[in-house]
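Open the model in a viewer and keep the sequence beside it. The stops below go from the whole chain to particular selections.

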Amino acid sequence: MLTTVSITEHVHYVGVNDRETYLFENLWPLDQGVSYNSYLINDEQTAVFDTVKNTKMNDFIEKISSILKDRPLDYLVINHMEPDHSGSIKALQDRYPQLKLVGNAKTFEILENFYGPMENYHIVKDGDTLSLGSHELVFYMTPMVHWPETMMTYEKKTGILFSMDAFGGFGSLDGGVFDDEVNLEFYMDEIRRYYSNIVGKYGAMVQKALTKLKNAGIPINIIAPTHGPVWRTAPGCIIDYYDRWSKAETEEGVVIVYGSMYGNTQKMADLIARRLADKGIKNIRIYDASKTHVSYLISDIWRFKGVIFGSCAYNTGLFPSMESLVSKLENYQLKDRYLGIFGTASWSGGGVSNLNKFAEKIKWQQVGESVEAKSSPKEPDFEKCIAMADEMADLLIQERQPGVNPFCSIIY
Ligand SMILES: Cc1cc2nc3c(=O)[nH]c(=O)nc-3n(C[C@H](O)[C@H](O)[C@H](O)COP(=O)(O)O)c2cc1C
């Protein structure tokens with residue numbers, strides 16, 4: 001028997017887990033898997049919200065038929081066309097030939113480009129409604145919440161927002177499906193890793209979508225995203241996180257990332273971190289950019305205000321793992337961080353000079369002087385590192401608001 005979970009009497013979770021795929025989008029490590037969430041409303045008319053990756057289509061369709069039994073499936077609402085959610089559309093229409101596909105004009109353009117012409121399109125625009133009987137759907141266009149066709153669907157009776165990838169994250173649903181059934185600390189890290197690496201570049205469009213939902217004045221009782229837990233206890237909490245992340249708001253802390261072959265650059269990282277701790281900064285993370293996948297680095301940089309980058313020189317440029325990190329950050333256009341720079345070089349340099357170029361492009365506020373040690377750091381280099389750490393700590397402490405947890409206290 002395959003697991004289906006009731007969200008309300010007539011709304012069911014029919015998603016699947018993927019623990020086989022190593023890299024999501026062939027890029028992002030899935031150490032703890034991922035879920036492809038889908039939902040079914042079983043009313044006078046029946047509707048499914050988004051499908052799953054094609055490798056999981058059999059289990060998915062079996063789940064739906066185990067609930068519907070001999071009833072037809074009338075509608076498939078396509079909130080998002082990315083193949084991990086659209087990969088089973090054709091199979092679902094084969095199983096339920098009368099199935100009407102609900103999406104916006106852009107949805108069907110992308111659908112046909114991926115899968116060729118299909119039948120039974122029901123095109124919706126912003127604010128359109130569709131009755132299923134006692135349940136009524138309202139469609140909200142939320143373009144570029146990371147793809148052009150992305151939209152969200154709200155169900156009036158239950159107050160469920162089917163939000164596609166927004167508010168979702170990595171991590172399979174291992175038994176627990178709802179926010180109150182799982183360890184949220186783990187999922188919040190994975191939701192932030194998903195947000196920062198996949199959605200974060202489109203923060204302005206996330207803000208537009210949040211404003212649209214707010215102005216609609218709809219009570220959102222449950223958020224049902226296409227990955228990760230279903231938010232039935234604290235939907236306001238995940239909305240708050242999304243609001244803050246998309247405005248580049250941060251928590252107090254410093255992320256130090258370095259690229260080092262023989263440990264000289266690393267020594268400077270350790271010294272800076274120790275000084276930050278001496279000054280009272282508690283959230284300090286040091287990462288070797290060659291060891292930790294860039295998605296985790298980006299996720300922490302999204303979280304904390306202080307960023308300190310170090311690189312040895314490598315063939316006249318940055319150390320390759322640092323180069324990959326800074327080029328991603330340039331592309332994501334993350335704003336408003338404090339930045340410290342350090343590194344080493346044995347002859348003409350290339351590490352620190354390129355970090356300085358990055359600082360100019362990204363326009364973060366630079367903290368202290370950039371420090372470049374000749375081969376190995378000596379006393380004057382250490383002194384400059386200490387001055388940088390002091391300045392960073394002072395800036396962060398000045399912004400501290402005693403007693404105020406900047407992010408939703410239900411989770412942290
Ligand atoms: C393959 C390779 C390429 C290097 N390229 C440069 C370079 O272009 N310019 C330079 O000044 N130093 C260069 N270096 C020297 C290192 O940047 C330098 O020794 C540094 O101190 C090493 O720091 P680490 O101990 O943190 O790895 C290179 C070293 C290696 C092994």
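Among contacts in the protein between residues at least 6 apart in sequence, what percentage join residues at least 24 apart? The share is 72%, where contact means that two C-beta atoms, placed from the backbone, lie within 7 Å. This is a predicted model, in which local features need pLDDT of at least 70 and side-chain atom pairs count only at pLDDT 80 or more, while totals for chains, interfaces and linings use all residues. Residues are numbered from 1 along each chain as its sequence is written.

Start with everything selected. The C-alpha atoms fill a box of roughly 80 × 45 × 40 Å along the principal axes.

Next, select the ligand and its surroundings. The shell holds 19 residues, the closest being Ser260, Met261, Tyr262, Asn264 and Thr265; a residue is near if its C-beta atom, placed from the backbone, lies within 6 Å. Two or more residues each come from α8 (264-278), β19 (304-314) and β21 (338-345); helices (H or I, at least four residues) and strands (E, at least two) are DSSP runs, numbered from the N terminus. β19 gives the most, three residues.

Now select Tyr39, Leu76, Val257, Ile272 and Met392. Of the 113 residues in the largest nonpolar core, these touch the most other members. Such a core is a set of buried Ala, Val, Leu, Ile, Met, Phe, Trp, Tyr and Cys residues joined through C-beta atoms within 7 Å, buried meaning 20 or more other C-beta atoms within 10 Å of a residue's own. Helix α5 (residues 184-199) supplies the largest share, eight residues.

Finally, centre on Met392. Beyond its neighbours within four places in sequence, Met392 contacts Val254, Leu276, Gly306, Ile308, Tyr338, Gly340 and Val367.

Note on methods. A residue is buried if 20 or more other C-beta atoms lie within 10 Å of its own, exposed if 12 or fewer, and partly exposed in between; C-beta atoms are placed from the backbone.
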